[in-house]
Amino acid sequence: ADEALPEFCGYGRVTTIACTDEYWKNRGTLRPKAIEQRQITNVNHGMTLARGSGCRWAVHIDSDELIAPVVDLKHVLDGCEADVLRFEMFEAVSERAAYPHIFAPTLFKAKPRRRQQILAKLLGCNRSFFQGQYFRGHNTSKRAFALNGKVSEAGIHGPIQANEDAVWKATRAIRLLHYDCVGFDNWRTKWSRRLDGTGYASQIRPHRAEQFRLFREAFEQGEEELLCLYERLYLIPWSEKLVLRALGLLKTITLNPATFELRTGGMRGEA
């Protein structure tokens with residue numbers, strides 16, 4: 001029932017699939033309760049469809065993620081000697097409580113090295129870290145993988161089963177931008193679905209579990225408490241931003257805003 005389905009149907013090179021009861025029946029199962037299992041089933045079905053269409057590479061990303069190549073994506077993959085390629089990951093920073101859409105932020109966290117993280121904490125960036133973690137979402141980037149038969153099963157972040165001779169490499173030429181909980185409404189919706197079971201997650205890391213616990217407590221106390229919690233978790237004080245920029249842990253990445261404009265019958269621009 002996703003409202004984006006008719007929008008994307010305007011693209012000849014985009015296939016949209018509604019995950020109806022009939023879809024799950026054709027996958028040989030009832031709709032899994034856990035988000036992770038639904039994702040794994042979908043990415044492997046998608047991998048089969050892509051290979052059958054003559055595609056040479058595949059990657060699984062979430063609806064709050066974008067692939068942003070630094071140079072031409074086709075050039076990077078055509079010249080790649082690896083079978084599995086991990087992207088450099090950045091996490092969007094919310095600088096206010098409301099945005100027109102989740103892809104609007106231009107400030108991003110870069111994944112810290114241990115030395116950078118220690119320095120940031122010594123220099124007073126305590127608000128920027130939660131449970132020892134700089135990122136609020138996942139810490140592992142996504143991987144593109146070649147559809148050459150060496151990957152037999154894919155997972156959420158990349159291959160689960162691959163041949164022993166498969167070559168794994170990392171690249172800084174392709175960025176994964178993760179827009180985790182951009183804006184108060186987006187954050188509240190995401191965690192509310194965890195709370196009511198419609199977005200049940202069976203695998204949750206300790207620092208995410210603590211975020212969920214705090215959300216549940218604030219949710220019981222009302223909207224004002226929820227907003228205070230969101231600002232405490234996601235908004236970075238200006239004094240800490242100065243330090244984090246100096247350490248290379250904050251980066252400005254600007255995308256063309258026209259990419260995200262909608263028009264009747266399809267999306268504007270090239271997919």
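Mentor: Start with a definition: axes are lines fitted to C-alpha atoms, for helices over the stretch in contact, and angles run from 0 to 180 degrees between N-to-C directions. Keep in mind that this is a predicted model.

Take helix α6, residues 184-196, and its packing on α7. Their axes lie 10 Å apart, at an angle of about 95°. Angles of 65 to 115 degrees count as roughly perpendicular, so α6 is roughly perpendicular to α7. On the α6 side, the contact uses W187, R188, K190, W191, S192, R194 and L195. On the α7 side, R208, Q211, F212, F215, R216 and F219 take part. Sorted by class, this contact holds six nonpolar, two polar and five charged residues.

Now turn to α8, residues 223-234. The axes of α6 and α8 cross at roughly 105° and come within 10 Å. These two helices are therefore also roughly perpendicular to each other. Here α6 contributes F184, W187 and R188. From α8 come E223, L226, L227, L229, Y230, L233 and Y234. The class count is eight nonpolar, no polar and two charged residues.

Q211 sits in helix α7, which spans residues 206-221. Its relative accessible area is 1%. Buried means under 20%, so Q211 is buried. Beyond residues up to four places away in sequence, Q211 touches F130, R136, W191 and Y234. W191 belongs to the α6 side of the contact with α7. Y234 is one of the α8 residues in contact with α6.

Then the cores. The largest nonpolar core has 25 residues, and A120, Y134 and L244 have the most contacts inside it. At least two residues each come from α4 (73-78), β3 (84-92), β5 (143-146), β8 (168-178) and α9 (238-246). β3 gives the most, with three residues. L244, leaving aside neighbours within four places in sequence, is in contact with A120, C125, S128, Y134, I236, L249 and L250. A second, separate core has 15 residues, including W191, L214, L226 and L229.

How values were computed: Residues numbered from 1 in each chain as written. Predicted model: local features only at pLDDT ≥ 70, side-chain atom pairs only at ≥ 80, totals over all residues. Heavy atoms only, no water. Helix = DSSP H or I, 4+ residues; strand = E, 2+ residues; numbered from the N terminus. Buried < 20%, exposed > 50% of the residue type's maximum accessible area, 1.4 Å probe, protein only. Contact = heavy atoms within 4.5 Å. Core = buried A, V, L, I, M, F, W, Y, C linked by side-chain atoms within 4.5 Å. Parallel < 35°, antiparallel > 145°, perpendicular 65-115°, else oblique. Nonpolar A, V, L, I, M, F, W, Y, C, P; charged D, E, K, R; others polar.
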